[in-house]
Amino acid sequence: MGMLPYLVIVPILIAMLLYLFPVAKAAKFIAITAQGGIMVLAAKIFFSSRQGEIIVNIGDFESFMGITLRVDMLSSVFIVLTTFVFFIAIIHCFFSNPGRLFWFLLFVWEALLIGVFLTRDLFNIFVLVEVATVVVSILIMYKRNNRSMYDGMFYLMVSIVVMQFYLLGVGYVYRLAGVLDMEAATAVLSELDSSQLILPYALIITAISLKCALLPLFAWLPKAHATPSAPTAVSALLSGLHIKSGVYMLIRVQELFSSLDSSGFFLVLGLVTGVVGFTLAIAQKDIKLILAYSTVSQVGMIVAGLSIQSSFAYIGSLYHIVNHALFKSALFLCSGIIVKTYGTYNINKIRGLFKRLPVVAVASILAILGITGAPLFNGSISKYFIMYDTNWIVTAMLMFINLGTITVFIRFSTIFFGTPEPTSDNGADTADKTKHGDQIMGDDKVRINEQATVLLLGVICFAGGLFGAQFIQFLFDVEVYVDAAGHLEKAALYLASALIGFLIYRFYVQKSSSLKRIRNFDLGFRAMCIATGGFFAAVMLYLNLTLLVIL
């Protein structure tokens with residue numbers, strides 16, 4: 001039967017074992033050991049996939065008649081990334097006692113994500129995504145206070161609504177192709193008239209665009225990723241990893257509907273999403289909301305890169321997916337330690353991080369240098385290739401998005417210096433307790449495993465830039481080269497952007513009263529439903545106009 005099914009089966013068996021036989025101390029060692037084994041298995045499959053696509057037909061059915069699991073270069077990278085980030089999250093939680101339900105949900109969540117990367121069946125993807133939505137919603141609502149319950153239910157209801165679009169689209173594909181297997185369906189759909197594919201494509205891509213948090217369908221993301229009472233590891237996994245499943249599905253669906261060209265639509269949408277994301281991030285004062293909206297901006301850049309139709313931009317975008325998983329996981333894990341230590345989510349009340357948490361401060365700076373594209377860091381390599389072969393308008397927009405990202409993290413960097421403001425109630429900030437509905441206790445005790453995980457991620461961000469070409473060749477089997485002139489150009493642009501970003505922060509962000517109005521921007525459930533319908537209509541209109549122009 002091959003090794004592929006075990007990537008899904010083993011995490012579920014471990015989840016059941018940890019839930020049915022709860023022994024707190026033993027559970028932690030079992031979780032780490034099991035996750036290490038899963039990671040080794042994923043690595044073995046990764047190297048095997050370099051010899052060619054791995055295909056396993058469960059039940060010995062021929063072709064697409066049964067459940068078929070496939071691993072190629074792309075899916076193997078996502079699987080290895082998933083197992084590694086979950087391994088980091090489990091180590092980070094080692095000395096905490098989240099409970100047997102947490103461990104159960106965590107391993108089930110991992111199995112579902114790996115299942116999405118393994119399957120090429122459209123209906124199986126629907127089932128896996130829906131179950132993952134329920135699991136994530138429970139993890140968001142884990143502490144069961146008012147804020148987390150609202151955020152979790154909002155995410156659940158929005159996901160349920162939008163996945164009905166996906167299901168209708170899958171039904172239409174089955175009507176046209178007679179199969180649900182993506183490989184077989186691609187062959188059939190490529191022979192049909194493009195006008196027949198517009199409706200199913202628009203239905204499916206609307207759902208996937210929400211999963212990618214593209215404009216205007218991103219309002220669920222800050223609620224899910226930044227809900228204060230969710231375990232820090234959950235926020236890190238959501239922002240660093242889970243949203244990448246949406247990007248992965250976007251890539252696969254574009255391959256399925258290869259005869260339809262929506263690259264222009266998603267290029268513009270990705271660029272606009274990037275700008276809106278960093279604008280909302282700058283306006284926030286909640287440390288987790290800053291990071292959450294930054295994720296919206298970075299995903300917008302990734303989608304724009306995938307839509308440029310350049311091999312360099314495509315590889316750069318794939319590498320940026322990996323990089324974003326690393327530095328955003330590091331930043332969210334660091335933010336959890338910071339909030340626990342300072343007892344507040346308000347970035348204006350967090351100062352002197354270098355003095356109080358030097359290791360966390362160093363890890364945060366390494367991650368910030370990665371996400372802002374500093375020379376010799378991983379983000380600089382991926383952004384370099386995204387911008388490498390584009391016209392000047394797209395390049396200017398991508399540089400503007402990176403300028404916004406730099407400005408966001410210049411503001412974020414104010415936490416490193418200065419003297420912390422005195423707080424009451426053992427470090428707990430009263431305003432935060434009232435706002436979030438959960439008491440935050442200041443705690444100077446930062447465990448060695450927490451420091452080790454964030455520092456490891458930060459070091460990898462540096463290594464991913466220093467050996468960026470080697471990393472890309474190792475992960476994607478593509479030879480790239482950045483010459484000295486390219487490094488110097490990147491360094492000059494980065495320094496200029498950092499200076500401009502500092503001036504924007506100093507003379508606008510610090511003094512602007514309009515940021516408060518932007519900060520309060522939010523879409524409720526009804527507005528999200530309307531936005532979903534509007535997005536669907538926009539895709540339909542764009543594709544129909546494109547066909548008219550071609551004809």
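Student: In which sense do strand E1 and E2 pair, and over how many bridges?

Tutor: Please keep in mind that this is a predicted model. Strand E1 covers residues 54-58, and strand E2 covers residues 67-71. The two pair in the antiparallel sense, and the number of bridges is five.

Student: Which residue in E2 is the bridge partner of Ile55?

Tutor: E1 runs over residues 54-58 and pairs with E2, where we have to look for the partner. The bridge partner of Ile55 in E2 is Arg70.

Student: How many residues of strand E2 are buried?

Tutor: A residue counts as buried when its relative accessible area is under 20%. Strand E2 is largely enclosed by the rest of the structure, because the buried residues among its five number four.

Student: What is the radius of gyration of the protein chain, and what does the globule rule give?

Tutor: The secondary structure of the chain comes to 23 helices and two strands. For 551 residues the globule rule gives 24 Å, and the chain comes close to this, so it is as compact as a globular protein of that length, with a radius of gyration of 23 Å.

Student: What share of the residues in the protein chain counts as buried?

Tutor: The C-alpha trace spans about 70 × 60 × 50 Å along its principal axes, and the chain exposes about 21400 Å², of which carbon and sulfur atoms supply 67%. Among the 551 residues, the share that counts as buried is 59%.

Student: Is Val322 buried or exposed, and which residues is it in contact with beyond its neighbours in sequence?

Tutor: Val322 has its place in helix H13, which covers residues 311-342. Its relative accessibility is 10%, so Val322 counts as buried. Leaving aside neighbours within four places in sequence, the residues in contact with Val322 are Val77, Leu81, Leu475 and Phe476.

Student: What is the relative accessible area of Met163, and which residues does it touch?

Tutor: Met163 is found in helix H6, residues 146-177. Buried means under 20% relative accessible area, and Met163 is buried, with a value of 3%. Not counting residues up to four places away in sequence, Met163 touches Phe126, Val129, Glu130, Ala207 and Lys211.

Student: What kind of peptide bond joins Leu215 and Pro216?

Tutor: Most peptide bonds are trans, so an exception deserves a careful look. Pro216 is found in the loop between helix H8 (198-211) and helix H9 (220-225). With omega at about 0°, the peptide bond that joins Leu215 and Pro216 is cis.

Student: What is the phi of Gln309, and is the residue buried or exposed?

Tutor: Most residues other than glycine have a negative phi. Gln309, although it is not a glycine, has a positive phi of about 65°, and its place is in the loop between helix H12 (287-306) and H13. Since its relative accessibility is 61%, Gln309 counts as exposed.

Student: Where is Leu376 found, and what is its phi?

Tutor: Leu376 is found in the loop between helix H15 (358-371) and helix H16 (378-386). At 42% relative accessibility, Leu376 counts as partly exposed. Although Leu376 is not a glycine, its phi is positive, at about 75°.

Key:
Residues are numbered from 1 along each chain as its sequence is written. This is a predicted model: local features need pLDDT of at least 70, side-chain atom pairs count only at pLDDT 80 or more; totals for chains, interfaces and linings use all residues. Side-chain values use heavy atoms; hydrogens and water are left out. Buried means under 20% relative accessible area, exposed over 50%, partly exposed in between (1.4 Å probe, protein chains only). Two strands pair if DSSP finds at least two bridges between them. The radius of gyration is taken over C-alpha atoms; the globule rule is 2.2 Å times the number of residues to the power 0.38. Accessible areas come from the Shrake-Rupley method with a 1.4 Å probe; for residues, only the protein chains shown count as cover. Contact means heavy atoms within 4.5 Å.
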